[in-house]
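This report walks through selected parts of one protein model. Please look over the sequence and the structure before reading on.

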Amino acid sequence: MTKVILTVKETHHDNNAGPKAKIDIENFLLKDGFEKWNFTINQESVLQKAKVAYIDVPRFLAKQNDIDEIFLQYPTYSKIVTKQLVKRLQQMNSKIILIIHDIESLRLHYGEKGYIDEELRVFNMADGLIVHNAKMEKWLRDNGVTVPMESLGLFDYDNKIKLASGSNYETSVCFAGNLSKAGFLEKLSLKRVKLNVFGPNPLEKYGANIVYKGQYPPDELPNYLKGNFGLVWDGTTPITCDGLFGNYMKFNNPHKASLYLSSGIPVVVWRQAAIADLVEKMNIGIVVDSLNELDEMLPNVSSIDYSELVNNAKEVAEKLRSGFYIKTAISNLEKGLV
């Protein structure tokens, strides 16, 4: 059986983890015998994206045949490229599976009926979807997506850095991300817990016990992460996850969680986040309603309980580092497509 992993890449990259999830999935599947198809778009050029959609894609696909399954990493961050890709792929005698990284109807266009209808039509043009979790699948079903779906569980994370030891429990937490989107940090101060912050666009000054630790490329970042827990949080306030990105956490599996877990670091997540169910079930972290609970909760975690969290996180890390979750999801979805 011939399988292809198809990824649309962007010309602009910096020290953020944006493309890493797609690159990692591509690399894991290549090791599993997949062929690689790539197209590159320039986000600054409408003309170049039109060229890719209407010239490069048809010309390339016209030369391909005898492909059993094509896995397209979605979204491509270009509507015209996405539409033309799916339309042209449908003309081949191949099964089309979308690996969902983000659903823009949930992330940036929540409640916008016209946008949602258009995106969901694309999903229904595929033969199957790999989605993040059961809550994302339920939302898609409730809104009219009828094709087979399989939940990923966690995003795999190619991490070659030595696992965190987890030997010293110092009630510390780390947070990594684009700090311009982490408005909650402006209003957070801690008394008994230390928070180490990593990423671009830091504030000039942080609250008590919050320390900025710099910015590193995604593949190097795990080497610098210092903290007993990794924080998965979004929005403008430490009281709850709010706004569009806070709401999105009710449906998605943040790639940030995989960064921490692939390093052997248990996580702290919002209780209403979709990933909270998995965190509690696998005992790989703690869930909170508010970050104001950290000063009370973390000092009360016993060394025995913390060791168990670390051991569980390390077991998950080994799976994340091998592509276990994407390979399992594909295998399970294929069984329903026969």
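Where is the place of asparagine 247? Asparagine 247 sits in helix H7, residues 243–248; helices (H or I, at least four residues) and strands (E, at least two) are DSSP runs, numbered from the N terminus. The model is a predicted one, in which local features need pLDDT of at least 70 and side-chain atom pairs count only at pLDDT 80 or more, while totals for chains, interfaces and linings use all residues. Residues are numbered from 1 along each chain as its sequence is written, and side-chain values use heavy atoms, with hydrogens and water left out.

Leucine 188 lies in the loop between strand S7 (172–176) and S8. Buried means under 20% relative accessible area, exposed over 50%, and partly exposed in between (1.4 Å probe, protein chains only).

| Residue | Relative accessible area | State |
|---|---|---|
| Asparagine 247 | 16% | buried |
| Leucine 188 | 1% | buried |

Contact means heavy atoms within 4.5 Å. Not counting residues up to four places away in sequence, asparagine 247 touches Leu106, Tyr110 and Asp242. With the same exclusion of residues up to four places away, leucine 188 touches Leu195, Gly207, Ile210, Pro238, Leu291 and Asn292. From C-alpha to C-alpha, leucine 188 and tyrosine 206 are 8.0 Å apart in space and 18 residues apart in sequence.

**Helix H9**

Helix H9 covers residues 275–282, and its buried residues are Ile275, Ala276 and Val279. These residues are on the same side of H9 because they cover an arc of only 105 degrees around the axis, the arc being that of the directions from the helix axis to the C-beta atoms. An α-helix has 3.6 residues a turn, so residues three or four places apart point the same way. The buried residues of H9 pack against helix H8 (255–262), strand S11 (267–270) and strand S12 (285–288). Just after H9, asparagine 283 has a positive phi of about 55 degrees.

**The annotated domain**

UniProt, in an unreviewed entry, places the feature "domain: Glucosyltransferase 3-like C-terminal" at residues 173–332. UniProt positions are given in the numbering used here, feature names are shortened, and annotations may be inferred rather than shown by experiment. Over residues 173–332 the chain is 33% helix and 15% strand, and the end C-alpha atoms of this stretch are 35 Å apart.
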